[in-house]
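Please keep the sequence and the model in view while reading.

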Amino acid sequence: MTQNPTEERLLALKGRQLPVQELLGLFGVRMRNGLTVPRIEQALKDVGLTTLPYFGTCNHGADVHVVAWQPQAADDAAPGEEQDGDDAEEPSPGGLPARPLRIGDIPSATAGLFSVEQDTPLTQVTYLMRTKKYSQIPVIEGGTTLRGVVTWSSVAKVYETTASAVLAEAMVEDPPVVEAHHDFFSLLPRVSEDGYLLVRASNGSFSGIVTTADITQRFDDTAWPFFVVGEIESRLRKCLGARIGEEAIRAVQTSRRTGLITDLMFNGYVKLLDGEQRNPDLRARSDVNWAALGWPGVDRVQFVRQLDRVRVIRNGIAHFDAEPMAARSTEELREFVGLLRQLT
């Protein structure tokens with residue numbers, strides 16, 4: 001289990017400029033997602049620090065300045081003054097993916113590969129395929145020399161002509177092989193046609209295999225959060241926009257004070273309802289806003305806290321990180337969208 005740096009080490013960062021990847025490395029992580037971003041953000045906040053630009057949304061290759069955290073300034077800024085609020089949540093051009101998705105970004109492409117050698121009896125190979133529930137097993141010598149791939153289709157084909165088949169006769173001798181750095185989307189037709197891709201690492205060894213099932217799982221891991229966050233925002237706008245007036249919405253807008261619920265982002269939704277925020281004017285207005293919703297059976301404090309956690313998760317998934325979202329964050333989204341479905 002990874003541990004946070006000590007308080008002394010974090011405080012030593014104040015005033016420094018460092019690559020965002022170096023900051024992540026201090027916490028023992030490589031990627032930003034719905035689990036790592038909140039942990040790092042809270043650890044910095046606990047010692048009175050934050051970063052400019054915000055480490056959770058800047059480019060993966062950007063440098064960040066470690067500065068003092070000033071919550072009062074953010075909450076009490078004058079109307080119309082720029083602050084770390086709604087605008088800060090909108091991913092900047094540098095916060096979007098800086099490179100194409102690669103086949104090596106699929107977890108199974110680098111998770112290792114089960115293979116057999118050329119002298120393995122075919123009956124042993126098919127037994128392994130049955131027990132391990134593999135649809136294909138590559139035949140590799142010395143970790144780098146590919147002889148072929150045994151698939152259920154190739155096994156069935158050879159047994160149509162002989163009952164005493166050997167491994168060499170049951171192999172696909174020209175299987176699909178790709179490099180880990182190859183573009184993911186350009187390879188989708190090959191995965192669809194062959195059902196799998198063998199992935200070769202930069203050192204020449206085979207690092208994994210990507211199947212159609214892996215592609216389906218990856219889509220569920222990465223695309224589902226985008227869609228569910230979209231649904232959450234749509235439902236929030238529907239219920240808040242119907243009960244909260246334009247003047248109250250303008251009060252939480254830091255730019256483009258339109259009074260339109262469609263111009264708010266998650267930070268604005270939190271400010272509309274948070275009865276514990278520092279700004280006394282917004283805190284008083286939030287009491288009126290919450291009463292206007294007419295949700296007597298919903299605990300306000302829990303609702304606002306969960307809404308704020310969804311905001312943090314939303315910021316993390318906005319980057320389409322290679323690592324799937326943490327299970328805890330997934331469950332958080334499922335719970336909150338389920339609650340909104342009941343309320344709306």
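At what angle do the axes of helix H9 and helix H11 cross, and within what distance do they come? In this predicted model, the axes of H9 (residues 212–243) and H11 (residues 266–273) come within 11 Å and cross at roughly 40°. Axes here are lines fitted to C-alpha atoms, for helices over the stretch in contact, and angles run from 0 to 180 degrees between N-to-C directions. Helices (H or I, at least four residues) and strands (E, at least two) are DSSP runs, numbered from the N terminus.

The model is a predicted one, in which local features need pLDDT of at least 70 and side-chain atom pairs count only at pLDDT 80 or more, while totals for chains, interfaces and linings use all residues. Residues are numbered from 1 along each chain as its sequence is written, and side-chain values use heavy atoms, with hydrogens and water left out.

As a whole, the chain contains 14 helices and 9 strands. Of its 344 residues, 44% count as buried; buried means under 20% relative accessible area, exposed over 50%, and partly exposed in between (1.4 Å probe, protein chains only). Among the contacts with a separation of 6 or more, 59% are between residues 24 or more positions apart, where contact means heavy atoms within 4.5 Å.

The first helix pair can now be described in detail. Two packed helices are described by the angle between their axes and the distance between the axes. H9 and H11 are therefore oblique to each other. Angles under 35 degrees count as roughly parallel, over 145 as roughly antiparallel, 65 to 115 as roughly perpendicular and the rest as oblique. Their crossing is left-handed, a term used if the near helix is turned anticlockwise from the far one by less than a right angle, with right-handed used if clockwise. On the H9 side, Val229, Ile232, Glu233, Leu236, Arg237 and Leu240 take part, and they meet Phe266, Tyr269, Leu272 and Leu273 of H11. Sorted by class, this contact has 8 nonpolar, no polar and 2 charged residues. Ala, Val, Leu, Ile, Met, Phe, Trp, Tyr, Cys and Pro count as nonpolar, Asp, Glu, Lys and Arg as charged, and the others, Gly among them, as polar.

H11 is itself mostly covered, with 8 of its 8 residues buried. Among them are Asn267, Gly268 and Lys271.

Glycine 275 counts as partly exposed because its relative accessibility is 30%. Leaving aside neighbours within four places in sequence, glycine 275 is in contact with Arg283, Ser286, Asp287 and Arg300.

Valine 304 lies in helix H13 and is buried, with a relative accessible area of 6%. With neighbours within four places again left aside, valine 304 is in contact with Val270, Leu273 and Asp274. From valine 304 to lysine 271 the C-alpha distance is 9.1 Å, across 33 residues in sequence.

H13 (residues 300–317) also packs with helix H14 (residues 327–343): their axes come within 10 Å and cross at roughly 130°. H13 and H14 are therefore oblique to each other, and their crossing is left-handed. The residues that meet include Phe303, Leu307 and Ile313 in H13 and Leu333, Phe336 and Leu340 in H14. By class, this contact has 9 nonpolar, 2 polar and 3 charged residues.

The strands complete the picture. Strands of a sheet pair through backbone hydrogen bonds, either parallel or antiparallel. Two strands pair if DSSP finds at least two bridges between them. Strands E7, E8 and E9 form an open sheet in the order E7-E8-E9, with mixed pairing. E7 (177–179) and E9 (206–211) stand at the edges with a single partner strand each, so one side of each is left without a neighbour in the sheet. Neighbouring strands of this sheet are turned by 35° against each other on average, direction ignored. E8 (residues 196–200) pairs with E9 in the antiparallel sense over 5 bridges, and leucine 198 stands opposite isoleucine 209 in E9.

Elsewhere, strand E4 (residues 136–141) runs antiparallel to strand E5 (residues 145–151), joined by 6 bridges. The two form a hairpin with 3 residues between them, and glycine 142 in the turn has a positive phi of about 65°.
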